[in-house]
Amino acid sequence: MIRTADDVLRLARELDVKFVRLQFTDILGIIKNVAIPVGMLEKALAGGVMFDGSSIEGFVRIEESDMYLRPDPNTFAVFPWKAKEGTTARLICDVYSTDGTPFEGCPRSTLKRVLQEAREMGFELMVGPEPEFFLFLRDERGRATTITNDHAGYFDLSPVDLGEEARRAIVVALEQMGFEVEASHHEVAPGQHEIDFMYADALKTADNIATFRLVVRTIAMQHNFHATFMPKPIAGVNGSGMHTHLSLFRDGRNAFYHPEGEYQLSDTALYFIGGLMEHARGYTAITNPLVNSYKRLVPGYEAPVYIAWSKQNRSPLIRVPAARGEATRLELRSPDPSCNPYLALAVILKAGLDGIKRRIAPPEPVDKNIYNMTLEEREALGIHSLPGSLEEALDELERDEVIQEALGDHIFSHFVRAKRIEWDIYRKQVHEWELDQYLTVF
């Protein structure tokens with residue numbers, strides 16, 4: 001359903017909204033907002049709310065700081081928790097420059113630009129994410145710990161899954177905000193959970209991922225938990241990923257399905273896989289943007305490490321689930337839930353489109369467990385690895401002109417600069433492991 005500004009104003013009156021939060025994200029994917037009283041809503045919907053962009057990570061310099069927020073009426077939703085000031089709603093915004101053009105540093109506008117490129121090729125991207133997260137206890141001062149309150153495992157139920165009540169409350173809150181939740185369950189590690197919501201067009205899905213993280217954190221806090229989307233908060237157990245299901249549609253039909261094609265996949269699907277594999281090392285800095293992301297991308301914990309695809313097994317980067325017809329899709333298994341969803345979907349789509357444009361045929365699928373292969377066996381099959389560190393991933397991003405084009409010069413340069421600083425700070429630290437390993441030995 002397409003909403004207009006008039007629809008939003010009517011809903012705000014009917015729902016007795018008192019305040020509206022105008023939300024947007026910075027380059028790192030952190031939600032920012034400007035709160036306005038409902039009396040300012042009409043002006044906001046006309047794009048008349050200004051903010052200081054020089055204070056936002058990766059936006060603009062202080063001498064060119066004024067930016068405008070343009071709300072998307074389709075994103076209007078009321079927060080399901082009560083605030084002291086009364087009912088509060090939100091609108092997700094695109095950021096515009098003072099000359100009326102989309103700001104090149106706005107991640108949402110970046111995704112829209114790549115989606116328009118796909119549209120010009122006749123395609124619409126549909127995405128279904130599977131974000132995972134941990135629920136940890138808070139200490140007596142309300143600070144986050146890494147202590148879990150359960151010892152449950154995959155798909156376990158109470159009484160071992162003591163986070164079930166909080167997870168159920170999160171699902172209810174998401175549904176109140178318009179989500180179609182498909183499933184929720186305990187994941188493999190203690191304290192780890194997954195909530196899957198219905199696939200949608202890529203822009204709505206990116207909005208949903210950003211909203212999802214906000215809702216999960218808020219409801220977890222109400223249950224005295226700390227929710228984190230940090231990819232690997234605990235050593236020795238599975239990290240949190242965000243397996244991402246992808247399908248292209250043309251004229252309302254699934255363009256990845258071909259009943260007579262090899263594996264019942266169309267050439268479009270195979271070329272898309274080829275593009276994802278060709279640019280995997282280039283886009284990993286975006287889909288896995290933290291120093292900590294690369295603690296998850298190691299063998300032995302169900303996370304993908306190797307650039308390959310398969311029709312069935314879950315060790316490669318890309319899996320093709322068994323469903324066919326309109327449900328035909330690819331599952332990219334490397335992204336983690338700390339990524340900026342707008343930028344992640346932009347670079348993933350750009351990689352796939354490049355595969356279609358250049359007709360990049362993927363190698364044969366690998367249906368053996370790659371984790372059990374020797375280095376020689378992987379080399380014989382031409383199987384390469386994802387970057388092993390944020391530094392290596394940034395090096396690969398700087399070599400990949402297609403992924404840079406997806407980001408645009410502004411976001412590319414600011415992202416790399418911020419992440420190089422992050423890596424430099426990390427590499428200068430002395431960590432507890434080093435002290436334990438070396439202090440009394442050398």
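1. Start at the end of helix α5. The residue N224 follows α5 and has a positive phi, near 65°. Bear in mind that this is a predicted model.

2. Now α5 itself. Its 21 residues should span 30 Å at 1.5 Å a residue, and the end C-alpha atoms are 30 Å apart, so expectation and model agree. The helix is mostly covered, with 15 of the 21 residues buried.

3. Which residues of α3 are buried? They are P107, R108, S109, T110, L111, V114, L115, E117 and A118. The list includes R108 and E117.

4. Strand β7 covers residues 124-137 and holds G128. Is G128 buried or exposed? Its relative accessibility is 10%, under the 20% cut-off, so G128 counts as buried. Beyond its neighbours within four places in sequence, G128 touches Y199, H243, T244 and H245. P362 is another matter: 234 residues from G128 in sequence, and 23 Å away in space, C-alpha to C-alpha.

5. Next, the interior. In soluble globular proteins, nonpolar side chains tend to be buried together. Here the largest nonpolar core has 63 residues. Those with the most contacts inside this core are L248, F272, L276, Y283, I318, L349 and L397. Helix α9 (residues 341-357) gives the most to the core, with 10 residues. Apart from this core lies another, of 26 residues, among them A166, F179, V215 and A220.

6. Take F272 as one example from the largest core. What does F272 contact, leaving aside neighbours within four places in sequence? The partners are L246, L248, F256, L330, I348, L349, G352, L353 and I356. Two of them, L248 and L349, are also listed among the residues with the most contacts inside the core.

7. Finally, the surface. W433, Y438, V441 and F442 form a nonpolar patch there, with about 530 Å² of accessible area together. W433 sits in helix α13 (residues 432-438). Its relative accessibility is 53%, over the 50% cut-off, so W433 counts as exposed.

How values were computed. Residues numbered from 1 in each chain as written. Predicted model: local features only at pLDDT ≥ 70, side-chain atom pairs only at ≥ 80, totals over all residues. Heavy atoms only, no water. Helix = DSSP H or I, 4+ residues; strand = E, 2+ residues; numbered from the N terminus. Buried < 20%, exposed > 50% of the residue type's maximum accessible area, 1.4 Å probe, protein only. Contact = heavy atoms within 4.5 Å. Core = buried A, V, L, I, M, F, W, Y, C linked by side-chain atoms within 4.5 Å. Patch = residues over 30% accessible without salt bridge, like charges linked within 9 Å, V, L, I, M, F, W, Y side chains within 5 Å. Areas by Shrake-Rupley, 256 points an atom, 1.4 Å probe, with all protein chains shown as cover. Salt bridge = Lys/Arg side-chain N within 4 Å of Asp/Glu carboxyl O. Expected span 1.5 Å × (residues − 1).
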